Amino acid sequence: MTTIYLVRHAQAEGNLQRAFHGHTDGQLTPHGLAQLERLAERFREVPLAAIYSSDLTRAVRTAQAVGRFHPALPIITTPRLREIHAGDWEGMHFWEIAARDPEAYDSFEAGDLACRPGGGESLAEVAARMQAVVSEIAAHHPGETVAAVSHGCALRTLLTQLCGQEVGWSPNTSVSLLEYDGGALRRVVYTGDASHLDEADRARPRFR
């Protein structure tokens with residue numbers, strides 16, 4: 001059996017600014033850096049065999065914290081773990097998107113797989129690539145424990161499909177745990193756990 005910890009990146013500029021940073025490569029905020037201290041401690045004693053990450057900076061910095069007490073492990077980056085690409089919504093504030101295109105924005109918030117934000121990547125496409133890459137990671141690590149760092153919408157969309165029911169937005173640095181047998185999902189143990197954070201950080205936010 002393979003155990004996979006899925007981790008959402010720490011608070012980044014887009015989260016603080018309430019702006020849609022899909023493929024936009026923003027930085028972590030000072031608060032996000034503080035969250036990493038707690039995340040690193042959470043993974044101190046976890047017997048990780050590998051650490052994967054989206055290639056965007058906010059995810060890589062988070063993956064480095066996951067691996068702080070596992071210095072022999074390199075961070076394996078892949079664009080397949082990236083956030084959804086939001087097309088012409090990229091960089092816009094969420095209130096601007098909601099005002100300009102309310103129907104599409106409501107569809108996005110509802111997790112409608114047919115939604116294609118700003119003419120970019122559809123939620124169905126996000127679900128497909130995330131399921132594929134996580135299954136491949138599991139198949140490459142039989143009997144091992146690995147971590148993979150990704151993003152809010154990408155993880156929500158993936159977990160909703162794996163659970164067969166809607167999974168809400170999870171806090172920054174929240175952790176979900178999956179078990180795989182080969183490349184096939186065995187069970188979702190838990191989703192969106194942020195018990196390593198202060199109570200205020202543990203509140204489940206919307207994407208924005």
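**α6 against α7**

From α6, Leu123, Val126, Ala127, Met130, Gln131 and Val134 take part; from α7, Cys153, Ala154, Leu155, Thr157, Leu158, Gln161 and Leu162. I count a contact when heavy atoms lie within 4.5 Å. Helices here are DSSP runs of H or I with at least four residues, strands are runs of E with at least two, and both are numbered from the N terminus.

I note the model is predicted: local features need pLDDT of at least 70, side-chain atom pairs count only at pLDDT 80 or more, and totals for chains, interfaces and linings use all residues. Numbering runs from 1 along each chain as its sequence is written, and side-chain values use heavy atoms, with hydrogens and water left out.

Two packed helices are described by the angle between their axes and the distance between the axes. For α6 and α7, the axes come within 9 Å and cross at roughly 80°. The axes are lines fitted to C-alpha atoms, for helices over the stretch in contact, and angles run from 0 to 180 degrees between N-to-C directions. The two helices are therefore roughly perpendicular. The cut-offs are 65 to 115 degrees for roughly perpendicular, under 35 for roughly parallel, over 145 for roughly antiparallel, and oblique for the rest.

**Cores**

Which residues touch the most other members of the largest nonpolar core? I find Ile4, Leu6, Phe20, Trp89, Phe108 and Val134, out of 34 residues. A nonpolar core is a set of buried Ala, Val, Leu, Ile, Met, Phe, Trp, Tyr and Cys residues joined through side-chain atoms within 4.5 Å. Buried means under 20% relative accessible area, exposed means over 50%, and partly exposed lies in between (1.4 Å probe, protein chains only).

The largest share, seven residues, comes from α6. Apart from this core I find another, of 20 residues, among them Tyr5, Leu36, Val46 and Leu48.

**Helix α3**

I checked how covered α3 (residues 57-66) is. Seven of its ten residues are buried. They are Arg58, Ala59, Val60, Thr62, Ala63, Ala65 and Val66. Their cover includes β1, α2 (30-42), β2, β3 (75-77) and β4.

**Two strand residues**

I looked at Thr2 in strand β1 (residues 2-8). Thr2 counts as buried, at 0% relative accessibility. Its side chain reaches the backbone oxygen of His141 at 2.7 Å. I use polar contact for a pair of N or O atoms within 3.5 Å; within protein, one must be able to donate a hydrogen and the other to accept it, and residues adjacent in sequence count only if both atoms are side-chain atoms. Leaving out residues up to four places away in sequence, Thr2 touches several residues, including Ala138, Pro142, Leu178 and Tyr180.

Ser150 sits in strand β4. Ser150 is buried, at 1% relative accessibility. Its side chain reaches the backbone oxygen of Leu81 at 2.7 Å. Beyond four places in sequence, Ser150 contacts Val7, Arg8, His9, Leu81, Arg82, Met130 and Leu155. I also took Ser150 to Arg187: 37 residues apart in sequence, 19 Å apart in space, C-alpha to C-alpha.

**Positive phi**

Most residues other than glycine have a negative phi. I find a positive phi of about 55° at Arg18, which is not a glycine. Arg18 lies in the loop between α1 (13-17) and α2.

I find another positive phi, about 70°, at Thr173, also not a glycine. Thr173 is in the loop between α7 and β5.

Are these two buried or exposed? Arg18 is exposed, at 52% relative accessibility. Thr173 is buried, at 0%.

**Surface checks**

Ala72, in the loop between α3 and β3, is exposed, with a relative accessible area of 72%. Its C-alpha is 27 Å from that of Gln131, 59 residues apart along the chain.

Glu41 is in helix α2. Glu41 is partly exposed, at 43% relative accessible area. Glu41 and Glu109 are 68 residues apart in sequence and 32 Å apart, C-alpha to C-alpha.
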